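Here are my notes on this one, in the order I'd go through them with you. Have the viewer open while you read.

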Amino acid sequence: MLRRGLGPMFNFFKKKEKEYYDVIGAPLKGEAVPSAEVNDPTFAEEMLGKGMAIKPAEGKVYAPFDGEVAMVFDTKHAVSLVSAKGTEVLIHVGLDTVMLKGEHYTAHVESGAAVKKGDLLLEFDMEAIKAAGYEVITPVVICNADDYKDVIRTTGKQVEPGDTVMELDK
């Protein structure tokens, strides 16, 4: 015999999907790795904030969320963004690449521009940067991580632009 009315009672035992305050998508296609794998103490020791890095598979950087471009570095090797919820993110393409003075980089946005998740921000020539002797690993840093109770990072796998790589809890 089928009993009616027990369905909602069993929902009590189901785990609710956790909703995070803000979600950061992968800004590049490639392998998501922990910050500790970045060969630079500023990023590896998370001096600028909590985060992770991506070993890029292609030379394109996309907006990881809806928000605003806070700054495009003159050398075009890095961009900082602020999400619609106030999360401050730095995307730094390569290590010591500021020394290239913008060579091998193209910016597709300017400071102050509104962006939607998936908009193309920067392009870079990975092979030319490597040939010049620089690493292209790309740290993605939450600069205001102290504003959050927790930063959950997804690493150790291949990601596509937009895939969730960090979830922030208030």
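Before the points, some ground rules. Buried means under 20% relative accessible area, exposed means over 50%, and partly exposed is what lies in between (1.4 Å probe, protein chains only). This is a predicted model, so to speak of local features we need pLDDT of at least 70, side-chain atom pairs count only at pLDDT 80 or more, and totals for chains, interfaces and linings use all residues. Residues are numbered from 1 along each chain as its sequence is written, and side-chain values use heavy atoms, with hydrogens and water left out.

1. Start with His104. At 26% relative accessibility, His104 falls in the partly exposed class. Its phi is near 80 degrees, a positive value in a residue other than glycine. You'll find His104 in the loop between β7 and β8; strands here are DSSP runs (E, at least two residues), numbered from the N terminus.

2. Asp96 belongs to that loop too, between β7 (88-92) and β8 (105-107). Asp96 also has a positive phi, about 60 degrees, and it isn't a glycine either.

3. Next, β5 (residues 67-72), which pairs with β6 in the antiparallel sense over five bridges. Two strands count as paired if DSSP finds at least two bridges between them. Val69 has Leu81 in β6 as its bridge partner. The hairpin of β5 and β6 has five residues between the strands, and Lys76 takes a positive phi near 60 degrees there.

4. β5 also pairs with β9 (residues 114-115), again antiparallel, over two bridges. Gly67 is bridged to Val115 in β9.

5. Leaving aside residues up to four places away in sequence, Ser80 touches Glu68, Val69, Ala70, Met71, Val89 and Leu90; contact means heavy atoms within 4.5 Å.

6. Now the open sheet: three strands in the order β1-β14-β12, with antiparallel pairing. β1 (22-25) and β12 (150-153) stand at the edges with a single partner strand each, so one side of each has no neighbour in the sheet. On average, neighbouring strands of this sheet are turned by 15 degrees against each other, direction ignored. For that angle, axes are lines fitted to C-alpha atoms, and angles run from 0 to 180 degrees between N-to-C directions.

7. Within that sheet, β12 and β14 (residues 164-169) run antiparallel and are joined by four bridges. Take Ile152 as one to click on: its bridge partner in β14 is Glu167.
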